[in-house]
Amino acid sequence: MSRQLSEKQVLEMLGIPDFRHLSKDRIMSFTSALPQMEPQVAIAALQQVPHFADTLLEIMRIYKETVSQTLAEDQENVQSFNASCDMVLGLLETLSQNDDLSFEQKNELIDRMMAVLKMKSDKDTETKRFKFAVIGAVAVLGCFLTGAVLAALGGSSQISTGEDDDPSEE
């Protein structure tokens with residue numbers, strides 16, 4: 001088991017004289033250190049930090065707003081890209097209906113249409129990957145904050161498989 005941090009070590013690490021001076025910009029460093037703190041130090045620190053839960057909720061709210069704004073901007077880009085692709089497809093379709101075109105020319109237009117459709121498909125895949133990455137980051141942050149607080153308060157973060165977990169009954 002790793003050595004647990006004392007109150008003095010945590011205060012030195014954060015560069016503050018006591019936990020009442022913990023600012024919002026240092027709350028994440030504090031939260032990261034919670035699992036390494038001695039349990040009584042963590043509990044005492046949490047009691048001294050004014051509005052700790054409110055600050056964590058504020059951090060999550062700001063993060064949520066940033067994520068929402070990023071997703072909205074991405075959606076605007078996707079819509080613009082799709083509109084451009086649709087315009088190109090429309091033009092190619094109009095050209096393909098020209099009776100003066102040879103079979104080879106019509107095949108070339110069809111190939112170009114297929115290339116635009118492939119670009120749209122690739123963009124859709126890219127957008128989905130981006131959204132899953134953002135959702136994953138939010139989930140990791142939420143789990144991290146919850147786990148850090150549980151660890152500091154001596155909570156158990158073990159996950160039960162539903163099977164008999166007691167090895168002494170074998």
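Helices are DSSP runs of H or I with at least four residues, numbered from the N terminus. The model described here is predicted. In it, Phe130 belongs to helix H5, which covers residues 103–152.

**Overall fold and confidence**

The chain contains 5 helices and 0 strands, and its pattern along the sequence reads α-α-α-α-α. Of its 170 residues, 23% are buried. Among the contacts with a separation of 6 or more, 68% are between residues 24 or more positions apart.

The mean pLDDT of the chain is 79, and 82% of the residues score at least 70. The pLDDT falls below 50 over residues 156–160, a stretch with 1 contact in the model beyond near neighbours in sequence. Among the elements, the lowest and highest mean pLDDT are found in the two helices below.

| Helix | Residues | Mean pLDDT |
|---|---|---|
| H3 | 39–48 | 75 (lowest) |
| H4 | 52–96 | 86 (highest) |

Beyond its neighbours within four places in sequence, Phe130 contacts Thr70, Leu71 and Asp74. Leu71 is 59 residues away from Phe130 in sequence, while their C-alpha atoms are 8.9 Å apart.

Ile110 is also placed in helix H5. Its relative accessibility is 42%, so Ile110 counts as partly exposed. Together with Met114 and Leu117, Ile110 makes a nonpolar surface patch of about 280 Å².

In soluble globular proteins, nonpolar side chains tend to be buried together. The largest nonpolar core here has 21 residues, and the members that touch the most others are Phe19, Phe30, Met37 and Phe52. Two or more residues of this core come from each of helix H1 (7–14), helix H2 (27–33), H3, H4 and H5. H3 provides the largest share, 4 residues.

Which residues does Met37 touch, not counting those up to four places away in sequence? They are Gln4, Leu5, Val10, Phe30 and Ala42. Another core, of 6 residues, lies apart from the largest one and includes Leu89, Leu92, Leu109 and Val116.

Conventions
Residues are numbered from 1 along each chain as its sequence is written. This is a predicted model: local features need pLDDT of at least 70, side-chain atom pairs count only at pLDDT 80 or more; totals for chains, interfaces and linings use all residues. Side-chain values use heavy atoms; hydrogens and water are left out. pLDDT is the predictor's confidence in each residue, from 0 to 100. Contact means heavy atoms within 4.5 Å. Patches are made of residues with over 30% relative accessible area and no salt bridge: like charges are joined within 9 Å, nonpolar side chains (Val, Leu, Ile, Met, Phe, Trp, Tyr) within 5 Å. Accessible areas come from the Shrake-Rupley method with a 1.4 Å probe; for residues, only the protein chains shown count as cover. A salt bridge is a side-chain nitrogen of Lys or Arg within 4 Å of a carboxyl oxygen of Asp or Glu. Buried means under 20% relative accessible area, exposed over 50%, partly exposed in between (1.4 Å probe, protein chains only). A nonpolar core is a set of buried Ala, Val, Leu, Ile, Met, Phe, Trp, Tyr and Cys residues joined through side-chain atoms within 4.5 Å.
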